[in-house]
Amino acid sequence: FIPSVAFFDDTRIAVGEEAELRGAGKPEHLARLAKLSLGRPVHDVPVRGEKFPPEVIQACLLHHLHRELDLRLGADRYRVVLTVPAFFGELRRKAMADSAEIANLPLLDLLNEPTAAALAFLEHTGYFSATGRALRPFRALVYNLSGYTFETTFLEITPGGVNTLAVDGNL
């Protein structure tokens, strides 16, 4: 788990726990939850008196993840799927993809967060075969009750794939 926070000072950018520690005494240097500002021209809260595009802040977080993946898996040996809130429309999804591009992160796809949670749960409980196919049809209504959003996704998972039948939510 890496907190979604970036710390900007005059010489470098820190993200995650390091950003939280460094920002404890300088909250005006912190950018939090830039993901929720994606699709807007600038992040909601100024950092050091400046307003940054949320894609740039999000790219700082993704760049950190990219470095960690390179260390653990080897450079260019993977592609990633990023999650976005279910209520993100095309503009906000494009902004997340732009953040991945800025971070030079090899993006395979974007997936709604409740869908990702359902797939992770089903994989963890042995619902998929060794080849990744569903063992039997399954329908699920997934609620995402994070601290900032409320979303629902209605999914149908079959041996042929995953279909999102309905999505709703808000911030």
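User: How many positive and negative side chains does the protein chain have, and how far apart are the centres of the two sets?
Analyst: Let's start with the counting rule: Lys and Arg count as positive, Asp and Glu as negative, while His and the chain ends are not counted. Each charge is placed at NZ of Lys, CZ of Arg, CG of Asp or CD of Glu. This is a predicted model, in which local features need pLDDT of at least 70 and side-chain atom pairs count only at pLDDT 80 or more, whereas totals for chains, interfaces and linings use all residues. Residues are numbered from 1 along each chain as its sequence is written, and side-chain values use heavy atoms, with hydrogens and water left out. The protein chain has 18 positive and 21 negative side chains, and the centres of the two sets lie 2 Å apart.

User: What percentage of the residues of the protein chain count as buried?
Analyst: A residue is buried under 20% relative accessible area, exposed over 50%, and partly exposed in between (1.4 Å probe, protein chains only). The protein chain has 171 residues, and its C-alpha atoms fill a box of roughly 55 × 40 × 25 Å along the principal axes. The share that counts as buried is 40%.

User: Which residues of helix α1 are buried, and where do they sit around the axis?
Analyst: Helix α1 covers residues 16–23, and its buried residues are Gly16, Ala19 and Gly23. They cover an arc of only 45° (taken from the directions from the helix axis to the C-beta atoms), which puts them on the same side of α1. On the other side, Glu17 and Leu21 are exposed. So the buried set, on one side of α1, is Gly16, Ala19 and Gly23.

User: Which strands do the buried residues of α1 pack against?
Analyst: Packing is judged here by contact, meaning heavy atoms within 4.5 Å. The partners of the buried residues of α1 are the strands β1 (5–8), β2 (13–15) and β3 (30–32).

User: Is Val15 buried or exposed?
Analyst: Val15 is found in strand β2. Not counting residues up to four places away in sequence, it touches Val5, Ala6, Cys60, Leu61 and His64. Its relative accessible area is 11%, so Val15 is buried.

User: Where is His29, and which residues does it touch?
Analyst: His29 has its place in the loop between α1 and β3. With a relative accessible area of 12%, His29 is buried. Leaving out residues up to four places away in sequence, His29 touches Ala6, Phe7, Phe8, Asp9, Val47 and Arg48.

User: What about Arg48: where is it, and what is its phi?
Analyst: Arg48 lies in the loop between β3 and α2. At a relative accessible area of 28%, Arg48 is partly exposed. Its phi is a positive value in a residue other than glycine, near 55°.

User: Which residues is His66 in contact with?
Analyst: His66 belongs to helix α2 (residues 54–73). It is buried, with a relative accessible area of 9%. Leaving aside neighbours within four places in sequence, its contacts are Tyr78, Ala103, Asn104, Leu105 and Pro106.

User: Is Asn104 buried or exposed?
Analyst: Asn104 is found in the loop between α3 (90–102) and β5 (107–112). Phi of Asn104 is near 60°, a positive value in a residue other than glycine. Its relative accessibility is 60%, so Asn104 counts as exposed.

User: How many aromatic pairs are there, and why is the pair of Phe87 and Phe88 described as it is?
Analyst: Rings of Phe, Tyr and Trp (its six-membered ring) pair if their centres lie within 6.5 Å; planes under 30 degrees apart count as stacked, over 60 as edge-to-face and the rest as tilted. By this rule the count is five aromatic pairs. The rings of Phe87 and Phe88 have centres 5.6 Å apart and planes at 75°, so the pair is edge-to-face.

Notes:
Helix = DSSP H or I, 4+ residues; strand = E, 2+ residues; numbered from the N terminus.
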